[in-house]
Amino acid sequence: MIAIDLVGGVVLMPSGLEKTRLSMAEGVIADRPTGRTVDLSGYRILPGIIDVHGDGFERHMAPRRGAMKQMNEGIVAAEAEIAANGITTAVMAQFVSWEGGLRSLEFADQVFNAMIATRGDVVTDLRPQLRFETHMLDLYADLPARITDWQVGYVVFNDHLPHDRLAEGRKPPRLTGQALKAGRNPDVHFQMLLDMHARGGEVPPALDTLCAALSAQGVQLGSHDDQTAEARATWRTRGAQVAEFPETPEAAEAAHHGGDLVVLGSPNVVRGGSHKGNASALDLIAMGLCDAIASDYHYPSPRRAALMLAKSGLVDLAGAWALVSSGPAAVLGLTDRGTLEPGKRADLVILDDRDRVAATMSGGRVSYMSGDIAQRFVA
């Protein structure tokens, strides 16, 4: 942690942009000068990005099947990309799914244990999230204990089974490639999907029990890809009060009016729409139905999305940046970060005049720095 006064730059405060001094010491924003100054004229200083959901780290963990044996190195490599994109707190969303491969129980166990092992080796606050497929009933009994062992504090549920096709006994598209990727015989894989679909009636009561157990452990719960108001209401009664990436305006409205927190994908914002044809994040933001935007699968997108929103005039910069800072902090219940106020964590991102990330600091420590700005810090 460094004690330093950043002067000459424009700082995004809760009230908006101000040309003011920003001081930090002992890992937090200070309310008075600390001594050494760095001239950041020409730069903007904004709260560090809090990424409330991202799985873009997968390519670092296994760039090719079986190629990554040292999972710890994958975590370190992922953190480098995360920090280079201005992210100071990152929720790493790891699947446990019938899809297998990088989303298998065995792979998740390696990822979560690697996160524990590397916690002291990274600067960015990396937090694990489990994304769990609801129809994997055979894992329910052991899941609460596993989540404790993995030190996971946030679980999100989704159901990606192709129920319509399975109900008709038809194979879903791309089944053979999906099965081979998971190391399964395609016929065995198809039968597994049919069996899980057939047990669908057992899932709701099992989820009720599982969610109650996880809530008792203090685990935060959410749902993913809600499509209807009824589905969102059901998840709310189970204690899942975060709605990640609702697929329809109806589901987003139900979440918002029910007091839940809505997380949307920043690639959806950057693209101007969902790549799957779901609800447009831009439309939902314009309707006031968004509390946070997340990287989803692309770490550069939160910064780009917030700046695009500000430039579009849909919201001002303070409001747009809140969707990647104070908004996600509220989703995660983190009251010590999200804004550049005295006493809060010294989490910040410094942008140059071309909106590129020049430096990132998490908890008063440099996690990324590049180019001309480095000369100002070492001068």
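Author: The largest cavity holds about 40 Å³ of space, in a model that is predicted. A search of the whole structure for cavities of 30 Å³ or more finds 1. Rolling a probe the size of a water molecule over the atoms shows where empty space is left. The lining of the largest cavity includes Pro47, Gly48, Ile50 and Thr88. Arg337, Gly338, Thr339, Leu340 and Asp347 also line this cavity.

Next, a helix. Helix α10 covers residues 249-257, and its buried residues are Ala251, Ala252, Ala254 and Ala255. These residues span an arc of only 160° around the axis, and therefore lie on the same side of α10. Among the elements that cover the buried residues of α10 are the helices α9 (229-237) and α12 (281-286). The strands β13 (240-244) and β14 (261-265) belong to that cover as well. Glycine 259 follows α10 and has a positive phi, near 85°.

Last, a sheet. It is open and mixed in its pairing, with 4 strands in the order β5-β4-β1-β6. The edges are taken by β5 (28-30) and β6 (37-39); each has a single partner strand, so one side of each is left without a neighbour in the sheet. On average, and with direction ignored, neighbouring strands of this sheet are turned by 30° against each other. Strand β4 (residues 22-25) runs antiparallel to β5, and 3 bridges join the two. In this pairing, alanine 25 stands opposite valine 28 in β5.

Terms used
Residues numbered from 1 in each chain as written. Predicted model: local features only at pLDDT ≥ 70, side-chain atom pairs only at ≥ 80, totals over all residues. Heavy atoms only, no water. Pairing = 2+ DSSP bridges. Axes fitted to C-alpha atoms, helices over the stretch in contact; angles between N-to-C directions. Buried < 20%, exposed > 50% of the residue type's maximum accessible area, 1.4 Å probe, protein only. Arc of directions from axis to C-beta. Contact = heavy atoms within 4.5 Å. 1 Å grid on protein atoms, 1.4 Å probe; cavity = no way out; pocket = protein on both sides within 12 Å on 5 of 7 lines; lining within 4 Å. Points joined across faces, edges and corners; volume = space filled by probe spheres on them.
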